[in-house]
Structures are given as structure tokens and as C-alpha cells.
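I opened this notebook to record what I looked up in one structure. The entries follow the order in which I consulted it.

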Amino acid sequence: MNSIKLRLCSDDDIHLMECWLQKEHVKKWYENPEDWLIEIKGRQAEFKFIKHFIALHNDVPIGFCQYYKCADANEDWYGNIPLSWTYSIDYLIGEEMWLGKGLGKRIINLLVKEIFSLIDSERIIVQPEDDNKASCNSLLSNGFIFDDENGFYLKSK
């Protein structure tokens, strides 16, 4: 069976993330890898508002994902969406052999289920690069719509 599941990120995963963030297919979308590593390393302190996960395919690590409340992140891309009850996600497939196999779509689906199980969630917004067609298509196939006014993908409960 091809199972996908998420487990919380641990210190043992930092080296794996360092490797994934240096791969060409990841670096293209995840600029400043050190910033991502700082967040993961600070997940018990400054960045504890972010829930970091390793995505497993048949119990083997293949990628990374995270979610957070937009109100806690202090970012400036949210447009006219109310920050309360709003979450955002990030995700990547780190292992090249699993690209193009629909696993990103399944990871997004797990994140959506996790977030919408929370009492304080109403919507999820995501802003991948326009030319990251695989990511955009995975969002659309998970029921997200493109919000033209704000320039990001949106899914409501």
C-alpha cells in the first residue's frame, strides 16, 4: 500500500532538510535555505507557532510541510483576507524520485484535514510562485481556488 503520513519534525530531521534545501528542484522555490533551517531549529522557541512535519511515503521520509496561523506570522502578503481563523501552508518533495507522482497533492490533503480539524480554522491561503505549475495544480486539485484580487490560492471550510 502507498501510504502517506505526516510526523512532527525532530532534530534528527535537520540534516535531511539541509540536504533537501540544497537540491536544485527545491532551491528553485525555497530561496534562502538558512531561513527555513532557522525556523525548524527554533520550532520549540521563537517559531513554535509553526507546526513542522516530515512527510513519509511508506514510512520513508520524502518531503517536508508546515502550517501556521497567519495572525502569528507577521507577514505582508495576506491581502484583504481577515487574519483571524486563517492558516497558511508550505510543502516540498525533497526526494527527486517522488516528483510528479501525485504525492504533493496527498501531502496538501493531509495538511488541509489537519488544519480544518482545528476549532479556530476557517480558511487556508497559499502563495506559490506563479510558474510552479505542479504546486498550483496540486492546490486546485485539493479544492483551492485562485483569488485574483489577492493573488493567492484559498480554501474555505
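Which residue of strand 3 is the bridge partner of Lys 51? I found that Tyr 67 is this partner. I noted that strands (E, at least two residues) and helices (H or I, at least four residues) are DSSP runs numbered from the N terminus, and that two strands pair if DSSP finds at least two bridges between them.

I recorded the basis of the entries: this is a predicted model, in which local features need pLDDT of at least 70 and side-chain atom pairs count only at pLDDT 80 or more, whereas totals for chains, interfaces and linings use all residues. Residues are numbered from 1 along each chain as its sequence is written, and side-chain values use heavy atoms, with hydrogens and water left out.

**Strands 2 and 3.** I looked up strand 2 (residues 50–57) and strand 3 (residues 60–69), which pair in the antiparallel sense over eight bridges. His 52 stands opposite Gln 66 in strand 3. The two strands form a hairpin with two residues between them, and Asn 58 in the turn has a positive phi of about 50 degrees.

**Strands 3 and 4.** I then followed strand 3 to strand 4, which it joins through seven bridges in an antiparallel run. Here the bridge partner of Lys 69 is Tyr 87 in strand 4.

I traced seven strands in an open sheet, in the order 1-2-3-4-5-7-6, with mixed pairing. The edge strands, each pairing on one side only, are strand 1 (4–8) and strand 6 (145–147).

**The largest pocket.** I asked which element gives the most to its lining. Strand 4 does, with six residues. A pocket is an open set of points on a 1 Å grid over the protein atoms alone, where a 1.4 Å probe fits, with protein on both sides within 12 Å along at least five of seven lines; lining residues have an atom within 4 Å of a point. I counted 44 lining residues, of which Trp 29, Tyr 30, Asp 90, Tyr 91 and Asn 132 lie nearest the centre of the pocket. Among the elements that give two or more residues to this lining are helix 2 (24–27), helix 3 (33–41) and helix 6 (133–141).
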